[in-house]
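Subject: Structure handover

Hello,

Here is the structure I said I would pass on. My notes follow below it.

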Amino acid sequence: METVDILVVGGGPGGTPAAKGLAREGKSVLLVESGSGLGGTCLFKGCVPSKIFRESASRLVDLKRAEEFGLRIGGDSPRVNWAAIQDRKHDILKRRSDAALLEARSIPGLQVTLGRAQLTGPRRAVIETDGVRREIAFERTILATGSVSNVLPVPGGNLAGVLSSEDLIEVHEIPDRLVLIGAGPIGVEMAQIFHFLGSKVVLLELLPRILEPVDAILADRLALILRRDGIEVNQGVAVEGVRKVDGRYEVIYRRAEDEERATADRVVTVVGRRPNVDHLGLENTHVRFDRHGVKVNAFLETDEAGIFAVGDVVGQPMFAHWATSQALSLVAHLLGRPARFPLVNENSAVVFSRPEIGMAGLTEEAARAQGMDVAVAEYDYRRDARAQIMNEAEGLLRVVYKRDDRRIVGIHALVEGAADLTGEAAAVVRAGLTMEELASTIHPHPTLTESFGLAAQSAVGRRCATVR
Ligand code: FAD
């Protein structure tokens, strides 16, 4: 039987950096990935392909708006070549996964195997590759097996042809009519991408508002923008079933007492994700889990000593950068070094809508729910130089800070370009800067980052936020 120090199961943004980090520090590590390469859901079915589609959709919008910028583009109006977009996606995915595999295989002490791992006991596993089984003994293991899409629990929710977000990434043509069930970040992003690419889109959400964890004011503003652009957004509606009628799909949903229907060529359900523990052999260990995730302590160790878990398999928040951050902290911890595990209050995320929503730290609602006495400084991007130059001047910045010590606990921006503001926002929250410190930080002009300083200045009474 082969023996390694550490077995890492899953080669996504959680497992891969964990395996690389431990091997670089001299551990013998076996990284097992059941897919076709390293990168996980994020690379193959999630973050990267969806943003490749978003890029094409967004550039199409820009082309159609060229005249706003004094540009006349002659000839035919721009058209979508979906096959070319899919080809571009495949190229980027392949380039990135090949590079990841090459890099991992160059690290001494790190063995990468494409195959499926199953625990046969707390310190034993079987790896199966193309029908060949290997038995492995290890000191410790890190479970980084990610998550899978929930099936909609209504009649017809699992009809062949009712797609998950992963399936939508692979579709061969842009549907004429698309119904998306679930208006979380993935649902909203996909709704807008396919709307821009030419689909007639209906978005159905059970909760009274879209993007439940996002700042409510920004989410409501985005819902208005989606509707104004022509997406049918139905909030507070309960889907009761999906039927196939004459080759198309009919989604039956209830709004209060009324039954309504939406027809589509494609129905996509984006109703949350569950931890991927299928066929992992956890029954052969003391690891506990439920539909929210594998149970871990503050050091990401499960109920079975020596078995750790990172990323989506642990549950919310489910983001690639969160998985990586947990993995890097766990590496330090396993090497006996001081480790700072990521804190939910300092997490950051982006909704890649247009305009984007970037968020770092706590929303006003979440801060109040934690018992904090907070105030919010707002900045309207209609006044903003950079936003006006880009003709993207709709949007709002909200900086949440504690009234007592004036420390910033959250920064939330709805503006095109917000994605690239969110790193700075996260650093501000992580460092616990005060409004005074943010107000006196020099932000370059004309950039969207100025909005941080201007919002803070308005709150500290040094308002110089005149339109320049
Ligand atoms: P995964 O990336 O899912 O990796 C787990 C890996 O484990 C998989 O490759 C799987 O094949 C492998 N595996 C499972 N079981 C076994 C086994 N028994 N043996 C061997 N290997 C196994 N996050 C962001 O931060 N930004 C975004 O913009 C973003 N967009 C997204 C868009 C979509 C459509 C989706 C679905 C997700 C998106 N996410 C985004 C979320 C992000 O993809 C996940 O949070 C991230 O991939 C989690 O990383 P992970 O390593 O925990 O799991």
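Arg398 stands opposite His412 in strand 24. Strands here, like helices, are DSSP runs numbered from the N terminus, with at least two residues (E) for a strand and at least four (H or I) for a helix. Before the rest, two points on the source. This is a predicted model, in which local features need pLDDT of at least 70 and side-chain atom pairs count only at pLDDT 80 or more, while totals for chains, interfaces and linings use all residues. Residues are numbered from 1 along each chain as its sequence is written.

Strand 24 is mostly covered, with 7 of its 7 residues buried. Buried means 20 or more other C-beta atoms within 10 Å of the residue's own, exposed means 12 or fewer, and partly exposed is in between, with C-beta atoms placed from the backbone.

Gly371

Gly371 lies in the loop between helix 9 (364–369) and strand 22 (374–380). Gly371 counts as exposed because it has 6 C-beta neighbours inside 10 Å.

An open sheet of 5 strands, paired in parallel, has the order 8-15-9-10-11. Strand 8 (162–163) and strand 11 (232–235) are at its edges with a single partner strand each, so one side of each has no neighbour in the sheet. Helix 6 (residues 185–197) packs on this sheet and touches strand 9 (177–181), strand 10 (200–205) and strand 15; its direction makes about 165° with that of strand 10. Contact here means C-beta atoms, placed from the backbone, within 7 Å. Angles run from 0 to 180 degrees between N-to-C directions, and axes are lines fitted to C-alpha atoms, for helices over the stretch in contact. Strand 8 and strand 15 (residues 266–269) are joined by 2 bridges, and Leu163 has Val268 as its bridge partner.

Another open sheet has 3 strands in the order 12-13-14, with antiparallel pairing. Its edges are strand 12 (238–245) and strand 14 (258–264); each has a single partner strand, so one side of each is left without a neighbour in the sheet. From one strand to the next the twist averages 25°. Strand 13 (residues 248–255) and strand 14 share 7 bridges, and the bridge partner of Arg254 in strand 14 is Glu259.

Helix 1 and helix 8

The axes of helix 1 (residues 15–24) and helix 8 (residues 320–334) come within 8 Å and cross at roughly 25°. The two helices are therefore roughly parallel to each other (under 35 degrees; over 145 is roughly antiparallel, 65 to 115 roughly perpendicular, the rest oblique). Pro17, Ala18, Gly21 and Leu22 in helix 1 meet Thr324, Ala327, Leu328, Leu330, Val331 and Leu334 in helix 8. These contact residues divide into 8 nonpolar, 2 polar and no charged. Nonpolar covers Ala, Val, Leu, Ile, Met, Phe, Trp, Tyr, Cys and Pro, charged covers Asp, Glu, Lys and Arg, and polar covers the others, Gly among them.

Regards

Definitions and conventions. Two strands pair if DSSP finds at least two bridges between them. Two residues are in contact if their C-beta atoms, placed from the backbone, lie within 7 Å.
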